[in-house]
Amino acid sequence: MARVVGGVACSHVPAVGVAVDKGLTGEPYWAPYFAKVEPAREWMAAVDPDVCIVVYNDHASAFSLEVIPTFALGLAAEFAPADEGYGPRPVPPVEGHPELAWHLAESLVLDEFDLTLVNEMDVDHGLTVPLSVLFGQPPTWPCRVVPLCVNVIQYPPPTGHRCYRLGQAIRRAVESYAGDERVVVCGTGGMSHQLQAQRAGLINVAFDHGFMDLLVADPEAAARIPHLEYLREAGSESIELVMWLVMRGALDATVREHYRATHVPTSNTHNGILILTDA
Amino acid sequence: MRDYDDIPGTYVFDGRRSRQGYPLNQFLMSLNRAENREAFRDDEAAYLDRFPLLPEQREAVLQRQWLRLLDVGGNLYYTYKLAACDGMSFQELAAEQTGMTPEAYAEMMLSGGRPIDGNRSRSEWQTSGSADGGGG
């Protein structure tokens, strides 16, 4: 039986990827953030998962407005870094896990989550920046990845409640897989940020820590946060936080918090990292 | 009027905006390909002829009216592809849309960002005399 050995939440700020790719992590602007990343890297290195299921959103890279899947699961053996309009990131290709991904697809659809199944897609900073945050710059990524792409660009995204329930279904699916893979579920995006229009730059540290507290202690309550509250309180792009609820759903009701760090600013974003395991 | 239309200075990319902005966002999406970026840089007007843009969308692109691009249906992430084509960072695009200088915006972020108090509702902006927000 495969097992979920932990859950990681991690923002996916593109500028963090640029800082890694261009060797700027020691610069005064970035050094305080990357110091906070180090314990998360140590945790990941110690846990050394076989697979990460990375819940992220595509930012007009693999998907345009032509087709807008709410949940899309990546089944390929390999996913190339996407050209998002300024050339692909110089990071290794992402090795998939087709056998586990197909098992997830079958299990989740029969569990009434009507996924879009994707055999070919490039992955953008939403997926590759968390890998850089958690693994640094290895020549190849140290684990296989199953991408789960969530629409949060075209309103409305799925509700937090739906994402939480999907996480619970992912847990059931992983545990019904015949292999012995050790799986970390990563929920990415957030925390407070607004990248657009006259209110750009909004940061709400109190909201973000309240969200983390609720996510840890009372995920059912966190799952009931309506879209309007994210949009208003934490900025239009903070709605990515619904993806953290997928991660949380894959863990037990009671969890142990191993690590929490936040940092402002990383470009326009209050950046968060949270590591949880079953208690 | 939808509940989120009350949030000041914010364009929620809902179905209304997506319908309005479809040809514009299709153009912006095309900039993901290096050869298209090159063709656009070579002759912007000719490249835009490939897309059935509304006149106001075409004008906003050619004149790099960054906030107006949202107003004519551009999605933020798609709009960034045009900014990136011009060598701008995400933070520079955001600053342009607020009307602040890049330096003032960067300083605001270093100081912890734009606070939530006073920025929840359009009514707060009206009473404080701030510029009217997007949306609506």
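Does Arg165(A) count as buried, exposed or partly exposed? Select Arg165(A) and look around it. Arg165(A) counts as partly exposed because 19 C-beta neighbours lie inside 10 Å. The cut-offs: buried takes 20 or more other C-beta atoms within 10 Å of a residue's own, exposed takes 12 or fewer, and partly exposed is in between, with C-beta atoms placed from the backbone.

A word on what is on screen. This is a predicted model, where local features need pLDDT of at least 70, side-chain atom pairs count only at pLDDT 80 or more, and totals for chains, interfaces and linings use all residues. Residues are numbered from 1 along each chain as its sequence is written, while chains are lettered from A and ligands numbered from 1 in the order in which they are written.

**Stop 1: a helix in chain A**

Helices (H or I, at least four residues) and strands (E, at least two) are DSSP runs, numbered from the N terminus. Arg165(A) and Asp278(A) are 113 residues apart in sequence, and their C-alpha atoms are 17 Å apart in space.

**Stop 2: strand S3**

Select residues 71–74 of chain A, strand S3. Strands pair if DSSP finds at least two bridges between them. Find Ala72(A): opposite it, in S7(A), stands Cys149(A).

**Stop 3: chain B**

Colour chain B by secondary structure. How many helices and strands does chain B have? Its count is 9 helices and 0 strands. The C-alpha atoms of chain B fill a box of roughly 45 × 35 × 20 Å along the principal axes. Of the 136 residues in chain B, 40% are buried.

**Stop 4: where the chains touch**

Show both chains. The contact takes 34 residues from chain A and 46 residues from chain B. Two residues are in contact if their C-beta atoms, placed from the backbone, lie within 7 Å. On the side of chain A that touches chain B, select helix H1 (14–21), helix H8 (227–234) and strand S9 (255–266); these elements each give two or more residues. H8(A) gives the largest share, 4 residues.
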